[in-house]
Amino acid sequence: MGEHSTTKFPQEILDQWAGPGLDLPALFSAGHLGERMSVQVTEAAPERVVGTMPVEGNTQPYGLLHGGASAVLAETLGSVGAMLHGGPTKLAVGVDLNCTHHRGIRSGLVTGVATPVHRGRSTATYEIVITDEQGKRVCTARLTCMLRDVDADAYRA
């Protein structure tokens, strides 16, 4: 991901993370795997997380988008939503991910949209719908994250 300025956060989320002295845009990343796969998170809030990923470079031997690549996009987006829901005092840890692959795609950009199914005190579940550039559904995923207590200092490097 690299470029933090490409992610749009609601002001109240930025304020929430700034309270304990954390700069969310500077902290935020799709992680090393997400960066390697060119995942771009463009919008991030507990209610909705949107991101994209190119098909090129993320294919299986037949030239189709790899199902594992869809899973990486889905888990990244759902985890971001769970992290933002939990706030700076919680750590979101994925405990269950399932993906249904609806159609193959060979090129272009896929877009994932994560929306909450459940947002509790100890778990958060998100549905992630991944579509192609024509809006056709490529994959539907569901991610459940456990929300663990963490000291805000854990976010500081």
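Some ground rules. The model is predicted, so local features need pLDDT of at least 70, side-chain atom pairs count only at pLDDT 80 or more, and totals for chains, interfaces and linings use all residues. Residues are numbered from 1 along each chain as its sequence is written, and side-chain values use heavy atoms, with hydrogens and water left out.

Let's start with the sheet. Six strands form an open sheet, in the order 1-2-4-5-6-3, with antiparallel pairing. Helices (H or I, at least four residues) and strands (E, at least two) are DSSP runs, numbered from the N terminus. Two strands pair if DSSP finds at least two bridges between them. The edges are strand 1, residues 40–45, and strand 3, residues 90–101; each pairs on one side only. From one strand to the next, the twist averages 20°. Axes here are lines fitted to C-alpha atoms, for helices over the stretch in contact, and angles run from 0 to 180 degrees between N-to-C directions.

Now look at strand 2, residues 48–54. On one side, strand 2 pairs with strand 1, antiparallel, over five bridges. Those two strands make a hairpin, with two residues between them. Strand 2 also runs antiparallel to strand 4, residues 109–119, and six bridges join that pair. Follow Gly 51 across the sheet. Its bridge partner in strand 4 is Gly 112. Gly 51 is also the bridge partner of Val 41. Further along, Pro 54 stands opposite Leu 109 in strand 4.

Is strand 2 enclosed or open? Six of its seven residues are buried, so strand 2 is largely enclosed by the rest of the structure. Buried means under 20% relative accessible area, exposed over 50%, and partly exposed in between, with a 1.4 Å probe and protein chains only. Take Thr 52, which sits in strand 2. Thr 52 is buried, at 15% relative accessible area. Leaving out residues up to four places away in sequence, Thr 52 touches Ser 38, Val 39, Gln 40, Leu 73, Leu 109, Val 110 and Thr 111. A contact means heavy atoms within 4.5 Å.

Next, helix 4. Helix 4 covers residues 67–86 and lies across strands 1, 2, 3, 4, 5 and 6. The helix runs at about 140° to strand 5, residues 123–131. Helix 4 is mostly covered, with 16 of its 20 residues buried.

On to the core. The largest nonpolar core has 37 residues. Such a core is a set of buried Ala, Val, Leu, Ile, Met, Phe, Trp, Tyr and Cys residues joined through side-chain atoms within 4.5 Å. Met 53, Leu 65, Leu 84, Val 110, Ile 128 and Ile 130 have the most contacts inside this core. Helix 4 gives the most to it, nine residues. Ile 130 touches residues including Ser 70, Leu 73, Ala 74, Val 110 and Gly 112, not counting residues up to four places away in sequence.

Last, charges. How many salt bridges does a search of the whole structure find? Four. A salt bridge is a side-chain nitrogen of Lys or Arg within 4 Å of a carboxyl oxygen of Asp or Glu.

Glu 43 meets Arg 48 at 3.0 Å, N to O. Glu 43 is partly exposed at 30%, and Arg 48 is partly exposed at 37%.

Glu 47 bridges to Arg 119, with the closest N and O atoms 3.7 Å apart. Glu 47 lies in the loop between strand 1 and strand 2 and Arg 119 in strand 4, so the pair ties together parts 72 residues apart in sequence.

Asp 149 meets Lys 90 at 2.7 Å, N to O. Asp 149 lies in strand 6 and Lys 90 in strand 3, so this pair ties together parts 59 residues apart in sequence. Asp 149 is exposed, at 65% relative accessible area, whereas Lys 90 counts as buried, at 18%.
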